[in-house]
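Me: I would like to learn how to read domains, an interface and a ligand site. Can you take me through them one at a time?

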Amino acid sequence: MIARSFTGLAAAPGLATGAVLIYRATAAHSETSADPATEQSRLVRAIAETDATIATHEAALRAAGQTESAAIFAAHRLLLNDHGLRERAAALVREQGQAAADAILAAAEEQAIELERLGDAYLSARAADVRAVAMQVWRALTGAGGLSQRLVTPSIVVAHDLDPADLAGAPRDLLRGIALAAGGLTAHASIIARSLGIPAVVGLGDEILAAAADARTMVLDGDNGLVLLDPPADQVARLRARPRERAPRGAVARGPVTTRDGRRIRLLANVASPAEARDACAEGAEGVGLLRTEWLFLERPDLPDEEEQVALYQAVAAALPDAPITVRTLDIGGDKRLPALPLPREDNPFLGSRGLRVCLSRPEIFLPQLRALLRARAAHDIRILLPMVTTVAEVRRTRALLEQAQRQLVAAGRPFAATIPLGVMIEVPAAALNAGRLAPEAAFFSLGTNDLTQYTLACDRGNHRLADLYQPLDPAVLRLIRMACDAAHHHGRPAGICGELSGDPQVTALLIGLGADELTCAPAALARVRAAVTATDTRAARDLAERALAAEGPEQVRALLGHTL
Ligand code: PEP
Ligand code: MG
């Protein structure tokens with residue numbers, strides 16, 4: 001018997017088996033209103049209660065070093081405490097005699113519609129956040145249960161989407177996995193699932209809700225984006241027998257990694273905070289391959305100044321003494337915005353002021369970061385990585401700013417490093433196509449396959465409707481990876497891969513065959529990737545790469561990798 005299977009996006013790794021729980025957030029219904037004064041004080045109490053709950057989630061994630069997820073809750077608190085939202089809800093109670101529960105939903109809906117009307121992808125996503133926080137207040141007022149009340153046995157939750165608070169508040173021993181119809185890899189639910197270590201597959205489409213309705217059990221493979229309904233025992237056993245399941249927990253391998261035939265591959269980690277750098281060290285990383293600095297700045301009302309940045313980079317470096325720490329300069333724009341740095345609205349933000357483009361146009365922001373990096377390098381092996389590089393001229397302009405930063409430090413009498421390796425991210429097709437020109441300007445390449453896929457295939461990485469098209473294994477993307485690695489090697493530079501692809505052990509041999517010298521991935525994926533590197537034979541990997549490059553499409557590449565069951 002073959003199970004019904006569904007493919008979505010592999011949002012959080014791990015294998016989950018369990019009963020199926022279809023979850024629909026409780027439909028809001030109208031409440032009977034008491035007198036306005038009572039409703040008003042109920043509203044104030046419910047908002048305070050909700051704020052405290054969200055603050056608890058935020059603090060727990062921050063204490064666990066999950067900066068990115070904590071920032072989502074920090075943003076929710078800002079929305080909840082927005083004066084306009086509270087005032088409007090209070091006015092609906094006072095002036096129209098509405099029940100507090102109805103008033104908060106109505107006020108949030110008005111705000112959400114306003115945000116959506118602005119036609120900006122980022123603000124539309126904030127509309128969903130406003131609705132989510134209002135729904136929490138509504139639950140506090142009506143006593144309606146969220147996910148935590150529905151979960152009574154260990155289950156895999158199938159839903160259209162999940163609010164961050166629903167997810168963070170659910171009992172971990174009962175929430176085995178998450179299968180969502182909506183969502184992309186960078187959606188809030190995906191980020192939080194990864195932080196909490198809950199296997200997740202997202203972007204499955206609404207079919208999953210109908211199909212799962214009559215299923216009793218489910219297997220969810222968060223590594224491969226696969227969901228199986230009522231699978232037969234032998235199929236479950238095959239999935240369980242994969243190397244991931246055999247890897248002994250706790251026994252972390254360390255030290256230099258080589259392929260079976262002795263080719264050295266550097267294994268580094270992607271991190272967003274000092275705590276994640278400590279996780280990376282615990283998981284045996286040889287250093288940090290990508291420190292996403294924007295996450296350090298995300299929830300703050302102001303940008304950290306030079307001193308604070310020096311301390312942040314030193315704190316990350318202290319977690320991995322003597323190891324290389326690759327710090328990516330501020331990468332905002334597209335769907336990433338900082339409250340401290342509002343950017344003008346653009347019709348196509350992913351094709352607009354993003355990454356290095358923003359920094360080059362704002363030296364007052366870029367120079368302090370460059371100075372902080374030069375200073376941190378005085379005591380640590382810091383390397384700089386530039387995001388969203390498109391042209392050689394951009395790298396030269398950055399180098400000129402770096403020299404200006406050095407002159408400023410001399411004038412200020414600050415100790416700093418005289419030289420610092422300047423690496424270039426290859427995540428725009430133009431950079432891969434022109435890699436032969438960029439390589440002499442760069443100390444190393446780091447290939448951002450997340451964006452490289454989005455730009456090569458003209459396919460928004462966060463749009464689950466395009467998930468069929470968003471395929472990092474498309475031969476067109478692989479060809480650009482090969483091109484960039486070849487150009488790096490021709491000029492004696494190392495090439496690393498830092499997109500999500502490098503955390504997939506099934507792709508490791510292919511990436512090595514295409515020419516990757518470094519693989520940099522989430523700390524949690526390091527052990528599996530390490531095992532995959534040591535199992536790789538370079539000659540066979542090159543052969544595999546040739547066949548993948550000649551393949552017709554991503555399905556054929558996946559078949560070559562044994563990616564399908
Ligand atoms: C990438 O684009 O592959 C990458 C690593 O950068 P980010 O995901 O932060 O855009
Ligand atoms: Mg990128």
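Reply: Start with where the bounds come from: an automatic or database domain assignment. Keep in mind that this is a predicted model.

Me: Which domains does the assignment give for the chain?

Reply: Domain 1 is written in two segments, 4-25 + 147-232. Domain 2 covers 36-142, and domain 3 covers 246-560. Over C-alpha atoms, the centres of domain 1 and domain 3 are 29 Å apart.

Me: How do I read the size of an interface, and how much area do domain 1 and domain 3 bury between them?

Reply: Interface size is often given as the accessible area lost when the parts come together. Here domain 1 and domain 3 bury about 770 Å² between them. Carbon and sulfur atoms account for 53% of that. In residues, ten of domain 1 contact eight of domain 3.

Me: How many salt bridges are counted between domain 1 and domain 3?

Reply: The cut-off is 4 Å, from a side-chain nitrogen of Lys or Arg to a carboxyl oxygen of Asp or Glu. Between domain 1 and domain 3 the count is one. In the chain, arginine 528 pairs with aspartate 223 in a salt bridge, with the closest N and O atoms 2.5 Å apart. On the side of domain 1 that touches domain 3, four residues are nonpolar, five polar and one charged.

Me: Now the ligand. Which residues come nearest to ligand 1?

Reply: There are 14 residues around ligand 1, and Arg292, Arg328, Gly448, Asn450 and Arg461 come nearest.

Me: What distances separate oxygen atoms of ligand 1 from polar atoms of arginine 292, glycine 448 and threonine 449?

Reply: Arginine 292 uses a side-chain N or O atom, at 2.8 Å. Glycine 448 places a backbone N or O atom at 3.3 Å. For threonine 449, a polar backbone atom sits at 3.1 Å. The protein covers 98% of the 290 Å² of accessible area that ligand 1 has on its own.

Conventions. Residues numbered from 1 in each chain as written. Chains lettered and ligands numbered in written order. Predicted model: local features only at pLDDT ≥ 70, side-chain atom pairs only at ≥ 80, totals over all residues. Heavy atoms only, no water. Contact = heavy atoms within 4.5 Å. Buried area = accessible area lost by both parts, 1.4 Å probe. Nonpolar A, V, L, I, M, F, W, Y, C, P; charged D, E, K, R; others polar. Near = heavy atom within 4 Å. Polar contact = N/O pair within 3.5 Å; in protein donor to acceptor, adjacent residues only side chain to side chain. Areas by Shrake-Rupley, 256 points an atom, 1.4 Å probe, with all protein chains shown as cover.
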